[in-house]
Amino acid sequence: MDFSYPPVAVAFRAEIRAWLDEHLTDELRSEGGADMVGGNLERAHDWNRLLADAGYAAIAWPPEWGGRGAGIMEQVVFAEEMHRAGAPGTLNPIGLSNIAPAIIQWGTEEQKRRFLPPMLRGDDIWCQGFSEPDAGSDLASLSTRAIRDGDVWVINGQKTWNTFGHLANWCELLVRTDTEAPKHKGITCLLVDMTLPGVEVRPLVTITGDPEFNEVFFTDVRVPVDMMLGPQNEGWRVAMTTLAYERGTVAKLHLGSRAKIQRLIDLAKATPGPNGHATAAEDPVIRQKLARSYLEGELLKLVSERAISAELHGRAMGPEGSIAKLVWSELEQHTVEVASDVLGPDALSGQWARDRVYSRALTIAGGTTQINKNIVAQRILGLPRDR
Ligand SMILES: Cc1cc2nc3c(=O)[nH]c(=O)nc-3n(C[C@H](O)[C@H](O)[C@H](O)COP(=O)(O)OP(=O)(O)OC[C@H]3O[C@@H](n4cnc5c(N)ncnc54)[C@H](O)[C@@H]3O)c2cc1C
């Protein structure tokens with residue numbers, strides 16, 4: 001593993017640090033990461049525009065579309081500095097990190113001109129319409145149907161778990177356009193205006209009480225054919241471009257988790273412990289659990305650095321990304337469980353309580369633990385395919 005900061009990344013760190021010192025207010029800092037759910041959307045939007053005007057909203061994008069074509073180490077530095085400063089992220093994370101790379105790779109010039117600038121500034125919010133009630137891990141069996149009628153596609157069906165669907169005005173939608181072809185070959189990707197007649201969004205309130213994701217129903221929705229992203233029946237390849245975009249996010253995972261573990265260790269040293277111990281940190285069972293979380297956090301950092309190192313040496317980071325996702329999601333669950341031991345009943349309210357219930361989603365979203373284990377087994381360990 002070779003993980004060092006090249007001069008361009010060192011210079012970028014000084015640049016972004018100076019910019020944050022000048023522009024990040026305490027008020028914005030208090031927004032934390034809760035930009036889209038329960039945060040102040042107007043303020044988050046202003047911050048997004050400020051980032052976009054400075055060229056920092058999507059640094060990995062090509063310069064012609066408002067990014068800076070940043071390499072992986074500049075992306076790492078950016079994540080580190082934003083985290084260090086406590087800066088909120090962008091308003092439109094799914095659009096910027098997942099959907100934009102698919103539009104940049106597969107879109108027509110007209111689509112890029114139309115969609116990328118407002119996406120960058122947070123003026124358009126995007127959601128991802130992939131999963132269905134009967135198509136999640138096995139996404140290719142999706143059944144939302146689109147039938148060609150002259151110059152339009154007519155869509156009928158249902159999507160589910162659409163994060164930010166209630167806030168989004170555009171959706172990257174996967175539809176079945178050929179029922180005869182093998183399941184991966186009959187899918188097309190459409191860019192769908194969420195305000196079209198026949199689109200109905202029903203928010204789903206999660207266990208945290210937040211309306212974060214939605215069911216979306218499509219009834220005779222008419223979408224112009226020039227809203228196809230990529231060729232007809234090639235939607236699976238477009239979807240893979242969308243899902244593969246993990247480069248920048250891998251580095252971010254350990255930053256948040258390790259800071260959370262450190263906060264918990266500090267709390268354990270300051271909180272009266274059970275069984276007559278002066279502090280929770282002196283209780284041997286709690287100490288063991290804290291040590292486990294700490295070690296998992298350090299392991300996650302190493303796994304992330306290994307994934308980034310692979311990318312630096314010209315190898316795709318796919319399977320390493322799966323390990324990082326696995327370690328991170330389980331670490332987050334372990335850490336919030338220890339918080340309950342440390343804080344006792346105080347962990348039943350506030351941020352730790354929210355984190356505890358929310359953490360259940362982390363081993364499902366973006367590829368479940370079982371699916372990621374299959375990927376590790378097949379692509380890293382070389383074991384036979386799951387039947
Ligand atoms: C917080 C959150 C946000 C999400 N946001 C979006 C979004 O914006 N857009 C979107 O389209 N989707 C979104 N999803 C959906 C997500 O992609 C799916 O939940 C995920 O792909 C799993 O699909 P499923 O829920 O249908 O479960 P299923 O695929 O039905 O799986 C059920 C169980 O079976 C296991 N399983 C399935 N197949 C196998 C196998 N081959 N081997 C071993 N075990 C298996 C799974 O691991 C799981 O435990 C989101 C989900 C969450 C939790």
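Visitor: Where is Ala-278 found?
Guide: Elements here are DSSP runs: helices (H or I, at least four residues) and strands (E, at least two), numbered from the N terminus. Ala-278 is found in the loop between α8 and α9.

Visitor: What kind of model is this, and which pLDDT do side-chain atom pairs need?
Guide: Residues are numbered from 1 along each chain as its sequence is written. The model is predicted: totals for chains, interfaces and linings use all residues, local features need pLDDT of at least 70, and side-chain atom pairs count only at pLDDT 80 or more.

Visitor: Is Ala-278 buried or exposed?
Guide: Count other C-beta atoms, placed from the backbone, within 10 Å of a residue's own: 20 or more is buried, 12 or fewer is exposed, and in between is partly exposed. Ala-278 has 10. Therefore Ala-278 is exposed.

Visitor: How far apart in space are Ala-278 and Leu-267?
Guide: In sequence they are 11 residues apart. C-alpha to C-alpha, the separation is 13 Å.

Visitor: Which phi does Asn-275 take?
Guide: Most residues other than glycine have a negative phi. Asn-275 lies in the loop between α8 (247–270) and α9 (284–312). Asn-275 is exposed, because 9 other C-beta atoms lie within 10 Å. Its phi is positive, near 55°.

Visitor: Which phi does Asn-233 have?
Guide: Asn-233 sits in the loop between β8 (228–229) and α7 (235–243). It has 16 other C-beta atoms within 10 Å, so it is partly exposed. Though not a glycine, Asn-233 has a positive phi of about 70°.

Visitor: Within α8, how far is Gly-256 from Asp-266?
Guide: Gly-256 is found in helix α8. It counts 14 other C-beta atoms within 10 Å and is therefore partly exposed. Gly-256 and Asp-266 are 10 residues apart along the chain, and their C-alpha atoms are separated by 16 Å.

Visitor: How far in space is Arg-263 from Leu-253?
Guide: Arg-263 also belongs to helix α8. Its 14 C-beta neighbours inside 10 Å are why it counts as partly exposed. From Leu-253, Arg-263 is 10 residues away in sequence, and C-alpha to C-alpha the distance is 16 Å.

Visitor: Which residues is Thr-208 in contact with, sequence neighbours within four places aside?
Guide: Thr-208 is in the loop between β6 (199–205) and β7 (211–224). Its C-alpha lies 6.0 Å from that of Arg-354, 146 residues apart along the chain. Contact means C-beta atoms, placed from the backbone, within 7 Å. On that test the partners are Arg-354, Val-357 and Tyr-358.

Visitor: How far apart are the C-alpha centres of domain 2 and domain 3?
Guide: Domain bounds come from an automatic or database domain assignment. It gives domain 1 (7–91), domain 2 (126–236) and domain 3 (246–380). The centres of domain 2 and domain 3 lie 33 Å apart.

Visitor: What span does α4 reach?
Guide: The expected span is 1.5 Å times one less than the number of residues. With 14 residues, α4 is expected to span 20 Å. From first C-alpha to last, α4 reaches 20 Å.

Visitor: Which residue just after α4 takes a positive phi?
Guide: Buried residues in α4 include Ile-72, Phe-78 and Met-82. Just after this helix, a positive phi of about 70° belongs to Gly-86.

Methods: Contact = placed C-beta atoms within 7 Å.
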